[in-house]
Amino acid sequence: MKKLGVAVIGTGAWGKNHIRVYKELPSTELIAICDVNPERAKTMANQYGVKAYTNSTRMLKNKEIEAVSVCTWSTHLAKEALKALRAGKHVLVEKPMATNTKQAEKLCETAEQNGLILTVGFLMRFIPGLQSIREAVESKKIGELVCANAKRVSQWPERIGDVGVVKDTAIHDIDVMRFISKQDPVTVYAKMGSMRHLKFEDYAHIMLTYKDGESAFIESNWLTPYKTRTLTVTGSDAIMRLDYITQDLWIEQQKESVQPRYPFQEPLKLELQHFAECILEKKKQLITGEDGVKALKIAQAAMQSSIKNRAIKLNR
Ligand SMILES: NC(=O)c1ccc[n+]([C@@H]2O[C@H](COP(=O)([O-])OP(=O)(O)OC[C@H]3O[C@@H](n4cnc5c(N)ncnc54)[C@H](O)[C@@H]3O)[C@@H](O)[C@H]2O)c1
């Protein structure tokens, strides 16, 4: 079987996982890694027996590399993803994809012009329980969709990068709401602020409303003494609850509660395997560059809403 030649740009806390998983997958061959921090690049390259670069332009000249994961600091993602696309590589860019939607749209245009796959690291979509919720919403197994509530809170992270909690954390749930409802919100209203961080918001409450009256509420912060990552979806006949950490799913009705069992799977493994299959087998992408643009647009509108203290209408 032909293996996909891959490389990773940015080998920090998260990039390390991309490297490990690419090494583990039978369909990919890790060719090289790149990090602006020479020590880190060298350590990772030695550990995995691949070539290290501190400059991605040089690495991207390597023709064996067909696809790249971009896992740099958030404000560097778009620049590095654009370089990779211009060098003819398929790209998985981590969330939040770019600093603004203009940059994100440029990535989509470049991928399309060059016939390349561009996807975004919204890995929640690969959790089987979330896929089951999406199917239940679509088939009306829980009745009419009424609302969805996402909670993604934790204690102060060991490292806070170069964006606040909305583009770092809530953006996962913004994407989840688009994924399960298969539609974009019409308005966004948000309150956010900073209790401890000097520069970025460290808590955010975001409310999305939809054209047929459904709503979604997203709570994100770095201020809670324990880590919670949950989704509750209320339908007219039942509710579904997902714990992203354990991947446990519950379907609850007035008279009974059932817990469908899915074996725990590492979402990143599923995500990178799917990325490889989209390239090698031309599978349909679960997440497009456009999904990244739309999530970022909603995140930006939420930030604007909080500043202006009013709901923002989203033109779709
Ligand atoms: N999808 C997810 O669930 C998920 C989870 C964690 C992090 N992330 C995303 O992954 C990215 C990285 O997060 P992290 O926690 O690993 O950060 P990190 O600070 O630990 O690592 C970033 C690494 O990128 C390197 N780097 C920065 N700019 C670079 C450039 N232009 N070229 C090469 N290397 C560069 C840094 O030296 C550092 O080693 C962020 O965008 C974050 O939002 C996604």
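Predicted model: local features only at pLDDT ≥ 70, side-chain atom pairs only at ≥ 80, totals over all residues.
Residues are numbered from 1 along each chain as its sequence is written.

Six strands form an open sheet in the order β3-β2-β1-β4-β5-β6. Strands are DSSP runs of E with at least two residues, helices are runs of H or I with at least four, and both are numbered from the N terminus. The pairing in the sheet is parallel; two strands pair if DSSP finds at least two bridges between them. β3 (51–53) and β6 (118–120) are the edge strands, each pairing on one side only. Neighbouring strands of this sheet are turned against each other by 25 degrees on average, direction ignored.

Strand β1 spans residues 4–9. Five of its six residues are buried, so β1 is largely enclosed by the rest of the structure. A residue is buried if 20 or more other C-beta atoms lie within 10 Å of its own, exposed if 12 or fewer, and partly exposed in between, with C-beta atoms placed from the backbone. β1 pairs with strand β2 (residues 28–34) in the parallel sense, over six bridges. Here A7 stands opposite A32 in β2. Helix α1 (residues 15–24) carries the chain from β1 to β2, and this β-α-β crossover is right-handed. That is, with the strands pointing away from the viewer, the path from the first strand over the helix to the second runs clockwise.

β1 also runs parallel to strand β4 (residues 67–70), joined by four bridges. I9 stands opposite V70 in β4. Four bridges then join β4 to strand β5 (residues 90–93), again in parallel. The bridge partner of S69 is L92 in β5.

Helix α8 (residues 267–280) lies across β1, β2, β4, β5 and β6, at about 135 degrees to β1. Axes are lines fitted to C-alpha atoms, for helices over the stretch in contact, and angles run from 0 to 180 degrees between N-to-C directions. Contact requires C-beta atoms, placed from the backbone, within 7 Å.

Helices α5 (residues 101–113) and α9 (residues 289–308) pack at about 170 degrees, with their axes 9 Å apart. That makes α5 roughly antiparallel to α9 (over 145 degrees; under 35 is roughly parallel, 65 to 115 roughly perpendicular, the rest oblique). Residues of α5 in this contact include T101, L107 and A111, and those of α9 include G289, V293 and Q300.

Terms used: Contact = placed C-beta atoms within 7 Å.
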